[in-house]
Amino acid sequence: MMLKLEQIKVAYETIQRDIHHTPIMTSKKLSEACENQMFLKAEHLQKTGSFKIRGAMNKVKQAVKEGATLVTAASSGNHGQAVAFTASQLHIPATIVVPEDANRSKVAAIKAYGGHVEKCGFTSEERIPRAKAIAEEKAGVFIPPYDDPLIMAGQGTIGLEILEQVTDADLVVVPVGGGGLLSGILTAIKETKPSVKVIGVEPELAKDTYLSLKNGEITSIGQTKTIADGLRTSQPGELTFPIVQKYIDDLVLVSEEEIRQAMLFVMERMKQLIEPSSAVTIAAAMFGHLQVTNKKIVTVISGGNVDISQLHDMMA
Ligand SMILES: *Cc1c(COP(=O)(O)O)cnc(C)c1O
C-alpha cells in the first residue's frame with residue numbers, strides 16, 4: 001500500500017506542536033555559486049538537530065496511543081537520538097541499541113535525551129533483531145528508521161512546509177539514505193503540485209537507490225565509508241522504493257570531495273553548521289549535477305549533527 005497525501009496531513013496535525021517550523025534560508029553568495037536562486041530548508045535547526053524527529057514523533061505517539069510501555073531503535077545516529085528525545089517527551093522509556101564501537105559523543109547525546117543505551121555487535125544485522133527482541137519482551141514497539149508508513153508520513157511533512165514557504169519553487173533537492181525522507185516529500189509534493197520537480201542525491205560511494213532505479217528493483221551495495229554517515233544504508237526500503245520509482249524526476253550522485261567543499265562553503269559563507277548528509281544537496285547544485293540555471297531550488301538541509309572534535313579531520 002502506497003503512502004497517501006492524507007496520511008501526511010494527519011501526521012502534520014499530530015506532530016505540528018511538538019516540532020519546530022524550521023525557516024527557509026537564502027544566501028546571495030550561494031545562489032551565485034550555484035547559478036540558481038537557492039532556498040535552504042533548515043532542518044539542521046530542528047529539535048535534536050535533524051528532521052528525524054518528525055517521523056519518530058509521529059510513530060512513537062501512535063505506539064503510546066496503542067498502549068506501548070517502551071520503544072526501541074537500532075541506531076546510534078540521528079534516528080536513535082530522535083527516538084530517545086521523543087520518548088522522553090512522551091514519558092515512556094526508550095532503549096537504543098548501538099554498535100559496540102559507537103562514537104562516544106553520539107552515545108552521550110542519546111543518554112542526554114534520556115535514552116537507555118545498549119551495545120550489541122558491529123552490524124545492523126545484529127542490532128535490529130536485538131532491538132526488536134527487547135521491544136517484544138517488554139510490550140514495547142520497535143521504531144524503524146525509514147521503512148514504515150508513519151515514519152514516512154512524518155518526514156513528508158517537510159514537503160507540506162516547503163510548498164507553503166516557497167510557493168513558486170521549481171525544484172526540490174533531497175538527500176537519500178533509506179528513502180523515508182524522499183518518499184514522504186515526493187508524496188507530499190507530487191500529490192499536491194506535480195509541476196514541482198524533485199531530485200534525490202546520493203554519494204557516489206552509497207548509490208544503492210541509484211542502482212535500484214537503474215535495475216528496476218531493490219539492489220544492495222556492500223558496506224560504505226562515505227563521509228555522509230546518514231546516507232550509508234545498503235538498500236532502499238520495500239515501502240519507500242516503489243514511491244521513489246513512481247514519482248522521482250532524477251537521482252544524481254556527488255563525490256566525497258564535492259560534499260566536503262559544499263559543507264565548507266555553507267560553514268564559511270552562511271555560518272551554518274550542517275552535516276555531510278545534508279551537504280550532498282548543496283554539492284549537487286554547486287557542481288552542476290542538477291543541470292539547470294536561474295531556477296528556484298529548495299535544498300533540504302536534513303541535519304546538523306557533527307562531532308565538533310572530529311570536524312578538522314573530517315574536512316582534511
Ligand atoms: C537519516 C538521514 C538522511 C536520510 O534519510 P532517509 O529517510 O534514510 O533517506 C539524510 N540526512 C540526515 C541528516 C539523516 O539523519
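In which helix is the place of Glu125? Glu125 belongs to helix H6, residues 124-137; helices here are DSSP runs of H or I with at least four residues, strands are runs of E with at least two, and both are numbered from the N terminus. The model is predicted, so local features need pLDDT of at least 70 and side-chain atom pairs count only at pLDDT 80 or more, while totals for chains, interfaces and linings use all residues. Residues are numbered from 1 along each chain as its sequence is written, and side-chain values use heavy atoms, with hydrogens and water left out.

**Figure 1. A negative surface patch that includes Glu125.** Glu100, Asp101, Glu125 and Glu126 form this patch. Patches are made of residues with over 30% relative accessible area and no salt bridge; like charges are joined within 9 Å, and nonpolar side chains (Val, Leu, Ile, Met, Phe, Trp, Tyr) within 5 Å. Asp and Glu count as negative, Lys and Arg as positive, and His and the chain ends are not counted. The place of a charge is taken as NZ of Lys, CZ of Arg, CG of Asp or CD of Glu. Accessible areas come from the Shrake-Rupley method with a 1.4 Å probe, and for residues only the protein chains shown count as cover. Buried means under 20% relative accessible area, exposed means over 50%, and partly exposed lies in between (1.4 Å probe, protein chains only). Glu125 counts as exposed because its relative accessibility is 58%.

**Figure 2. The aromatic pair of Phe85 and Tyr113.** A search of the whole structure finds one aromatic pair. The ring centres of Phe85 and Tyr113 are 5.5 Å apart and the planes stand at 80°, so the pair is edge-to-face. Rings of Phe, Tyr and Trp (its six-membered ring) pair if their centres lie within 6.5 Å; planes under 30 degrees apart count as stacked, over 60 as edge-to-face and the rest as tilted. The pair links distant parts of the chain, 28 residues apart: Phe85 is in helix H4 (residues 78-89), and Tyr113 is in the loop between helix H5 (104-112) and strand S5 (116-119). Phe85 is buried, with a relative accessible area of 14%, whereas Tyr113 is partly exposed at 24%.

**Figure 3. The salt bridge between Arg130 and Glu118.** A salt bridge is a side-chain nitrogen of Lys or Arg within 4 Å of a carboxyl oxygen of Asp or Glu. By this rule, the count comes to eleven salt bridges. In the bridge shown, the closest N and O atoms of Arg130 and Glu118 are 2.7 Å apart. Because Arg130 lies in helix H6 and Glu118 in strand S5, the pair ties together parts that are twelve residues apart in sequence. Arg130 is partly exposed, with a relative accessible area of 28%; Glu118 is likewise partly exposed, at 22% relative accessibility.

**Figure 4. The salt bridge between Asp168 and Lys296.** The side chains of Asp168 and Lys296 meet at 3.0 Å, N to O. This pair links distant parts of the chain, 128 residues apart: Asp168 is in the loop between helix H7 (149-165) and strand S7 (171-175), and Lys296 is in strand S10 (residues 296-301). Asp168 counts as partly exposed at 40% relative accessibility, and Lys296 counts as partly exposed at 23%.

**Figure 5. The salt bridge between Lys190 and Asp249.** The N to O distance in this bridge is 2.7 Å. Lys190, in helix H8 (residues 180-190), and Asp249, in the loop between helix H10 (240-247) and strand S9 (250-254), are 59 residues apart, and the pair links distant parts of the chain. Lys190 counts as buried at 11% relative accessibility, whereas Asp249 counts as partly exposed at 35%.

**Figure 6. Helix H12 and the loop between H12 and S10.** Eleven of the eleven residues of H12 are buried, so the helix is largely enclosed by the rest of the structure. Among the buried residues of H12 are Pro276, Val280 and Met286. H12 is followed by Gly288, whose phi is positive, near 75°. Most residues other than glycine have a negative phi. Gln291, which is not a glycine, has a positive phi of about 55°. Asn294 lies in the loop between H12 and S10, and its phi is also positive, near 55°. Gln291 is exposed, with a relative accessible area of 71%, and Asn294 is exposed at 71%.
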